[in-house]
Amino acid sequence: MKYKKISIAAMAAMMIGGVLLQDVEVKGNRYHQHLEVLPKAACTEHGADVFCTHLPLMQISIEESMPNPYLLDAEGNPVVLENGEKAKNQQTIPAKISYFDAEAANNHLTDNAAVTSRAEVRIRGNISRGYDKKGYKIKCKEDDQITNRKVELSGMTADSDWVLHGPYLDKTLLRNYLCYNLSGEIMEYAPNVRFCELFINEEYMGVYLLTEDVKYNKNGRVMLEKSDPDLKETSYILLADRGSDNPGKALETFGADSFITALPGRAGGQMEIVYPAGTLTEEQRKYISKDFSAFEKALFSFDYDKKDRGYQNYIDVDSFIEYFLINELTMNYDAMGFSTYLYKDIGGKLHLCVWDFNSAFDHYTESTSSPHTFRLQTKMWYQYLMKDPKFVDAVIERYWELRKEEFNEEALLQYVDDAAAYLGPAIERNYEKWGYSFAEASDLLIPQERNPRSYEEAIRQLKATISERIAYMDESIERLQIMGHESLNKKFNHEDTEKGGF
């Protein structure tokens with residue numbers, strides 16, 4: 001077959017990997033599927049006509065067609081919003097999911113499923129919802145199709161909400177898997193992920209990445225004090241993105257008036273409340289706005305670096321440093337504007353949480369992302385954080401700490417190879433379905449020469465970008481110090497009152 005050589009090379013690498021993986025250090029409690037899953041013997045009890053995979057297997061059974069990814073007008077054309085984007089169709093449809101995940105044997109649609117559940121399913125994503133291979137949001141339900149049901153999938157925290165990332169633009173199939181797991185080794189929380197293969201009814205849909213949604217969960221995910229609607233003060237999760245369709249969850253804070261975040265109606269940087277959701281009260285919404293604004297006011301003020309009044313009283317500084325470095329290393333410049341999650345426990349400090357690496361490592365469709373630059377230092381809250389020399393110095397110090405292990409070039413390149421080897425024959429199956437995406441007629445990256453023509457070329461591109469990016473950051477990370485300087489307003493108009501200040 002056309003992609004047979006991919007499968008053979010990957011399986012050979014997997015066998016060699018038993019030795020190589022001994023040198024890969026896995027820290028903390030992060031589960032790296034390709035490193036830790038038990039080896040599985042090849043099946044000999046059925047013919048080649050039976051679908052058989054070493055990966056977990058998801059089947060979504062639906063009786064009605066999946067809705068159009070965009071809202072349509074009376075003429076059947078996509079509705080276009082004021083900002084020029086197509087209006088997303090968030091309609092869900094009833095479904096049944098079956099999840100197969102045998103520990104020591106391959107998975108087949110004829111097996112007894114590890115989990116079955118009623119569910120509501122919809123197409124998800126922004127730009128990616130326009131691709132042929134869709135992503136999906138799954139909310140598991142009890143048999144009444146109303147009550148949410150928590151299910152455990154492949155050892156991840158039991159919950160009702162799950163995301164299926166469908167790698168289509170990313171021909172390596174690896175970007176989200178690599179970046180979420182890298183983040184999980186560094187930050188307090190990053191969504192856990194598992195490769196799987198997906199069927200919708202009887203149609204094979206390819207390799208997917210099953211992903212935890214960023215949400216409150218007392219047993220995992222974002223662990224916060226549960227919100228009590230009878231109290232004004234509450235823990236919360238926020239999202240900076242394209243804004244909420246629900247006016248009650250749209251959040252306007254001090255940052256919108258000082259050009260840190262965006263007012264409603266803008267394309268990106270609009271704040272919305274993710275948690276609490278169904279129990280959110282107006283009093284809590286006002287509290288969240290005031291509480292978050294306190295951080296932005298401190299950051300925006302003359303006293304931004306004062307021990308008793310500065311920004312460090314409101315944020316987990318390490319979280320903001322690590323988020324910056326992860327997204328800079330991966331060149332994930334949707335961060336700070338789109339897909340930017342923050343969470344805060346009652347009595348705690350603000351943390352950032354990573355999300356969505358579809359475009360990481362030079363994979364924006366519209367243009368090349370140069371590995372030879374930094375960009376986050378001028379975006380949203382970082383444009384003020386980076387004015388503090390102490391914060392900049394801490395960013396640089398943390399970078400060199402991470403370079404020893406998590407950002408180690410050799411380890412990252414080996415991680416890519418080993419993850420591809422683990423996927424093995426699933427790569428071939430995926431591109432039997434989506435192989436036409438390598439053809440010029442399906443090119444999505446501009447300029448055209450950026451589009452790989454084979455899986456092997458896609459892997460080479462990713463690894464070359466990782467190496468080039470690390471080389472630049474090694475050479476240039478100290479240049480961020482030019483951002484760290486006190487405001488002239490602070491120097492002449494606030495503290496130095498003898499020279500005509502306030």
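Biologist: Leaving aside neighbours within four places in sequence, which residues is W381 in contact with?

Modeller: W381 is in contact with I260, T261, M271, F292, F295, E296, L299, M336, T340 and L342. Contact means heavy atoms within 4.5 Å.

Biologist: What kind of model is this, and how are residues numbered?

Modeller: It is a predicted model, where local features need pLDDT of at least 70, side-chain atom pairs count only at pLDDT 80 or more, and totals for chains, interfaces and linings use all residues. Residues are numbered from 1 along each chain as its sequence is written, and side-chain values use heavy atoms, with hydrogens and water left out.

Biologist: OK. How many residues does the largest nonpolar core have?

Modeller: The largest nonpolar core has 129 residues. W381 is among those with the most contacts inside it, along with I60, I138, F320, L325 and Y382. Helix α9 (residues 409-423) gives the most to this core, with eight residues.

Biologist: What counts as a nonpolar core?

Modeller: A set of buried Ala, Val, Leu, Ile, Met, Phe, Trp, Tyr and Cys residues, joined through side-chain atoms within 4.5 Å. Buried means under 20% relative accessible area, exposed over 50%, and partly exposed in between, with a 1.4 Å probe and protein chains only.

Biologist: And which residues does the second, separate core include?

Modeller: That core has five residues, including F51, F100, F199 and Y204.

Biologist: Zoom out. How many helices and strands in the chain?

Modeller: The chain has 12 helices and 12 strands. Both are DSSP runs numbered from the N terminus: helices are H or I with at least four residues, strands are E with at least two. Of the 502 residues, 52% count as buried. Among contacts with a separation of 6 or more, 72% come from residues 24 or more positions apart.

Biologist: Take α6. What span should it have, and how far apart are its ends?

Modeller: Helix α6 (residues 317-329) has 13 residues and should span 18 Å at 1.5 Å a residue. Its end C-alpha atoms are 18 Å apart, which agrees. The expected span is 1.5 Å times one less than the number of residues.

Biologist: How many of its residues are buried?

Modeller: 11 of the 13 residues of α6 are buried, so the helix is largely enclosed by the rest of the structure. Among them are F320, Y323, L325 and E328.

Biologist: How do α6 and α11 cross?

Modeller: The axes of α6 and helix α11 (residues 455-476) come within 10 Å and cross at roughly 130°. The two helices are therefore oblique to each other. Axes are lines fitted to C-alpha atoms, for helices over the stretch in contact, and angles run from 0 to 180 degrees between N-to-C directions. Under 35 degrees is roughly parallel, over 145 roughly antiparallel, 65 to 115 roughly perpendicular, and the rest oblique.

Biologist: Which residues meet there?

Modeller: L325, E328 and L329 in α6 meet R469, I470 and M473 in α11. They divide into four nonpolar, no polar and two charged. Here Ala, Val, Leu, Ile, Met, Phe, Trp, Tyr, Cys and Pro count as nonpolar, Asp, Glu, Lys and Arg as charged, and the others, Gly among them, as polar.

Biologist: Where is T373 found, and what does T373 contact?

Modeller: T373 is found in the loop between β12 (351-353) and α7 (382-385). Leaving aside neighbours within four places in sequence, T373 is in contact with E328, Y333, R469 and Y472. T373 is partly exposed, with a relative accessible area of 26%. T373 and M331 are 42 residues apart in sequence and 9.2 Å apart in space, C-alpha to C-alpha.
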